[in-house]
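This briefing is for a reader new to the structure below. It takes the ligand site, then the aromatic pairs, then some backbone details.

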Amino acid sequence: MTRNLIPLPASVVESEGEFRINAQTVIAAYTPETVKIAAQLVELVRAITGLDLSIVEGDTTDNVIRLSESGSLDLGAEGYGLSVTPQHISIEAAQPAGVFYGVQTLRQLLPLTGEAVIGGGIITDQPRFPYRGAMLDVARHFFPMEVVKRVIDLIALYKMNKLHLHLTDDQGWRLEIFSWPNLTTHGSLTQVGGGEGGYYTQADYAELVAYAQARYIEVVPEIDLPGHTNAALSSYPDLNPDGAPAPALYTGTEVGFSTLTINKELTYTFLDDVVREVAALTPGDYFHIGGDESHATKPEDYQTFLARIQQIVKSHGKKLIGWEEIGQTELLPGTIVQQWFSDFSRKAVAQGGKVICSPASRAYMDMKYDESSPLGLTWAGTANTQQSYEWDPAILMEGVSEADIIGVEAPLWSETILTVKDIEFMMFPRLLGIAEIGWSPASGRSWDEYRLRLAAHGARLVALGVSFYRDPLVDWA
Ligand code: TNX
């Protein structure tokens with residue numbers, strides 16, 4: 001049954017017999033959500049086998065792929081059971097998300113060519129962590145809608161459920177804000193290296209959110225504050241200290257020079273408007289306020305700022321996420337910090353906070369694989385496929401244990417990333433390892449076993465047209 005699944009399911013028991021998809025096979029689904037997932041499955045099967053399966057809304061017993069939402073399986077909000085016998089394939093889950101993940105597993109069980117035969121067995125699966133994400137920095141270089149959709153398609157296959165979009169930075173503001181239009185009419189006009197930049201209209205962004213939602217992915221918007229704000233400061237002179245001129249747009253890569261004006265009420269009017277508009281576009285729970293590398297903000301101002309922004313985010317009904325630096329301030333209970341380089345997260349945990357793990361030396365998709373990588377940075381070292389796989393969130397920091405951690409995220413900063421091919425080359429295959437760390441049980445995980453599974457899985461990346469890095473540590477089939 002197992003065909004080198006990534007992420008590895010919690011339990012797989014193989015059995016005799018096999019299911020053969022043929023022209024008479026039907027997909028049975030009973031609820032509006034599972035019918036939508038069934039339609040996605042029809043497309044996948046068509047792409048692989050050329051067969052055009054029909055969907056029946058109701059039961060049938062033979063030659064059927066059954067997708068059912070059932071309360072009887074206690075596998076959490078995202079878990080599923082998948083069984084394969086000669087008569088049927090059955091995917092069962094308490095929630096639609098679980099059905100969706102069962103279908104992602106089924107995709108990987110289908111052979112890439114030839115007859116669509118799937119070996120018998122039972123998979124019982126659920127994720128280790130509820131937050132499994134990737135981040136795309138659309139501020140340093142802007143990426144068009146199709147590129148973001150491609151990233152969504154690819155991360156969904158590996159059961160990731162969050163796409164964090166780094167929407168603003170010194171080099172550009174990438175999301176239309178109706179009440180402050182100059183943020184995009186001016187602030188989006190360039191990017192690192194001086195290219196033309198770009199931005200998403202609110203309609204574009206809503207389309208991305210919906211596209212992600214159909215793949216059970218929540219878009220986590222980040223507005224990076226109070227540093228990393230040159231594009232905003234350049235767009236609105238009044239956001240600068242009184243009398244100070246607005247800075248020019250910035251196309252370099254050095255960071256830590258910009259800050260919002262902390263002791264000015266207009267700053268908070270601005271932020272209330274921005275958070276309100278972004279929150280209104282966000283069906284998910286989270287709002288990321290950045291908070292990293294605010295080297296131009298005085299420490300006492302940083303405290304003041306965090307107190308204000310937490311209230312603003314709360315007033316718009318969202319849960320705040322910030323980069324680990326916010327752990328140095330007084331946090332509201334339930335605040336989430338994103339670890340990247342230090343152990344500031346411990347200070348957040350001591351205040352009742354939770355952690356997303358993105359250790360730069362392991363999980364940053366913009367670190368070079370090794371010195372010879374044509375793209376990427378090395379400030380956190382290099383991270384080959386083994387290094388980005390061989391670590392565990394629960395033993396990352398003293399004083400931060402499994403229960404304090406909501407998950408993992410693989411950020412791709414885009415200072416050196418210009419095209420979709422660049423994105424694919426840096427994310428793949430490392431992202432698969434991060435997805436597995438977020439989903440699969442920690443026990444028994446080993447590089448020696450994973451590298452074989454990954455080697456065989458390479459053909460699937462090829463079939464998907466992914467320009468992945470053929471890391472020489474893996475004996476690609
Ligand atoms: C650090 S990680 C940053 C980003 C850069 C990145 C490059 C973090 C929270 N801040 O501004 O793009 O390094 O790797």
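The points that follow are grouped by topic, after a note on the model.

This is a predicted model, in which local features need pLDDT of at least 70, side-chain atom pairs count only at pLDDT 80 or more, and totals for chains, interfaces and linings use all residues. Residues are numbered from 1 along each chain as its sequence is written, and side-chain values use heavy atoms, with hydrogens and water left out.

**Ligand site**

- The ligand sits in the largest pocket; a pocket is an open set of points on a 1 Å grid over the protein atoms alone, where a 1.4 Å probe fits, with protein on both sides within 12 Å along at least five of seven lines. A molecule sits in one if more than half of its atoms lie within 2 Å of its grid points.
- There are 13 residues around the ligand, and Arg 140, Tyr 364, Asp 366, Trp 379 and Glu 415 come nearest; a residue is near if one of its heavy atoms lies within 4 Å.
- This shell comprises 7 nonpolar, 1 polar and 5 charged residues. Ala, Val, Leu, Ile, Met, Phe, Trp, Tyr, Cys and Pro count as nonpolar, Asp, Glu, Lys and Arg as charged, and the others, Gly among them, as polar.
- Polar contacts are pairs of N or O atoms within 3.5 Å. A polar side-chain atom of Asp 366 is 2.6 Å from a ligand oxygen atom, and an N or O atom in the side chain of Trp 379 is 2.7 Å from an oxygen atom of the ligand.
- Asp 292 has a polar side-chain atom 2.9 Å from a nitrogen atom of the ligand.
- The protein buries 97% of the 360 Å² that the ligand exposes when taken alone, with areas from the Shrake-Rupley method and a 1.4 Å probe.

**Aromatic pairs**

- The whole structure holds 23 aromatic pairs, meaning rings of Phe, Tyr and Trp (its six-membered ring) with centres within 6.5 Å.
- Trp 180 and Tyr 236 form an edge-to-face pair, because their ring centres are 4.8 Å apart and their planes lie at 80 degrees; planes over 60 degrees apart count as edge-to-face, under 30 as stacked and the rest as tilted.
- Trp 180 and Tyr 236 are 56 residues apart, so the pair links distant parts of the chain.

**Backbone details**

- The peptide bond from Ile 6 to Pro 7 is cis, with omega near -5 degrees.
- Phe 428 and Pro 429 are also joined by a cis peptide bond, with omega about 15 degrees.
- Lys 159 is not a glycine, yet has a positive phi of about 65 degrees.

Methods
A polar contact is a pair of N or O atoms within 3.5 Å; within protein, one must be able to donate a hydrogen and the other to accept it, and residues adjacent in sequence count only if both atoms are side-chain atoms. On a 1 Å grid over the protein atoms alone, a cavity is a set of points where a 1.4 Å probe fits but cannot get out, and a pocket is an open set with protein on both sides within 12 Å along at least five of seven lines; lining residues have an atom within 4 Å of a point. Helices (H or I, at least four residues) and strands (E, at least two) are DSSP runs, numbered from the N terminus.
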